[in-house]
Amino acid sequence: MDVRSLRYALTLAEELHFGRAARAHYIAAQPFGRRIQELERELGAKLFERTSRRVALTPAGERFLPRARRVLAEMDELMRTAEGDHAEPVLRVGVLGFGLADRWAATRTLLATHHPELELSYRELDWTTQYDAVRTGEVDVAVLHDVGGADDLLVEPVMNTARCAVVPAESELADAGHLSAADIADCPA
């Protein structure tokens, strides 16, 4: 049983709505629902009664979730004890490639202005682990290139970058000063 699933279940018990509960954890409703189902399977008990119109706690959910809340509160207290009383909040930002290169100074200034107590920590991401860094908690937020496969994460566009076409030097398109989507539509992938 993992801590994240317990937190999801507690949020669902408070919201009694899958969409709102999922948004509170910055993930889509479908993967959120799968995590709740996996927790219920693991426990061998249904925690929530679901209909197309409402979500309600089952008797098992009413017994289980208050204890889960106490366990999570103890875990949070344990983490605070380990961090010490004076730990500064840290926002761990993951960036893929040039994602924030030209905006990093402005981003730091904006955060320092609105959240002076917040310390920023920067982590370089790569193509193969850009989503997993968020999933595993290695970073709190990431600026990445959405290439699909992040259905369980909330991905919000923050900037657009121009598309680039890369062709072999011997290609008939190699000397083109500009290529449109129509120019490369018939090219093999």
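## Salt bridges

A salt bridge here is a side-chain nitrogen of Lys or Arg within 4 Å of a carboxyl oxygen of Asp or Glu. The structure is a predicted model, and by this rule the count comes to 9 salt bridges. One of them pairs R35 with D2, whose closest N and O atoms are 2.9 Å apart.

R50 and E40 form another salt bridge, with 2.8 Å between the closest N and O atoms. This pair links distant parts of the chain, since R50 is in strand 1 (residues 48-50) and E40 is in helix 3, 10 residues apart. Are the two partners buried or exposed, or in between? E40 has a relative accessibility of 8%, which is under 20%, so E40 counts as buried. R50, at 26% relative accessibility, counts as partly exposed.

D140 forms a salt bridge with R92, and the closest N and O atoms of this pair are 2.7 Å apart. D140 sits in the loop between helix 6 (130-135) and strand 5, while R92 sits in strand 3, so the pair ties together parts that are 48 residues apart in sequence. D140 is partly exposed, with a relative accessible area of 38%. R92 is partly exposed as well, with a relative accessible area of 25%.

## Packing of helix 1 and helix 3

Two packed helices are described by the angle between their axes and the distance between the axes. For helix 1 and helix 3, the axes come within 9 Å and cross at roughly 105 degrees. Angles of 65 to 115 degrees count as roughly perpendicular, so helix 1 and helix 3 are roughly perpendicular to each other.

On the helix 1 side, the contact is made by R4, S5, L6, Y8, A9 and L12. Helix 3 contributes F32, R35, I36 and L39 to the contact. By residue class, the contact of helix 1 with helix 3 divides into 7 nonpolar, 1 polar and 2 charged residues. R35 of this contact is also the salt-bridge partner of D2.

## The parallel sheet

Strands of a sheet pair through backbone hydrogen bonds, either parallel or antiparallel. In this model, 3 strands form an open sheet in the order 4-3-5, with parallel pairing. Strand 4 and strand 5 stand at the edges with a single partner strand each, so one side of each is left without a neighbour in the sheet. On average, neighbouring strands of this sheet are turned by 25 degrees against each other, direction ignored.

How many bridges join strand 3 to strand 4? Strand 3 (residues 90-96) and strand 4 (residues 119-125) run parallel and are joined by 7 bridges. Within this pairing, V93 has Y122 of strand 4 as its bridge partner. Strand 3 also runs parallel to strand 5 (residues 141-143), with 3 bridges joining the two. Here V95 has V143 of strand 5 as its bridge partner. R92, the salt-bridge partner of D140, also lies in strand 3.

Helix 5 (residues 104-114) lies across strand 3 and strand 4. Helix 5 runs at about 150 degrees to strand 4. Angles over 145 degrees count as roughly antiparallel.

## Positive phi in two loops

Which residues other than glycine have a positive phi? L16 is one of them, with phi near 55 degrees. L16 lies in the loop between helix 1 (3-15) and helix 2 (18-24). L16 counts as partly exposed because its relative accessibility is 36%.

Y26 also has a positive phi, about 60 degrees, although Y26 is not a glycine. Y26 is located in the loop between helix 2 and helix 3 (29-43). The relative accessible area of Y26 is 59%, which is over 50%, so Y26 is exposed.

Technical notes
Residues numbered from 1 in each chain as written. Predicted model: local features only at pLDDT ≥ 70, side-chain atom pairs only at ≥ 80, totals over all residues. Heavy atoms only, no water. Helix = DSSP H or I, 4+ residues; strand = E, 2+ residues; numbered from the N terminus. Buried < 20%, exposed > 50% of the residue type's maximum accessible area, 1.4 Å probe, protein only. Pairing = 2+ DSSP bridges. Axes fitted to C-alpha atoms, helices over the stretch in contact; angles between N-to-C directions. Parallel < 35°, antiparallel > 145°, perpendicular 65-115°, else oblique. Contact = heavy atoms within 4.5 Å. Nonpolar A, V, L, I, M, F, W, Y, C, P; charged D, E, K, R; others polar.
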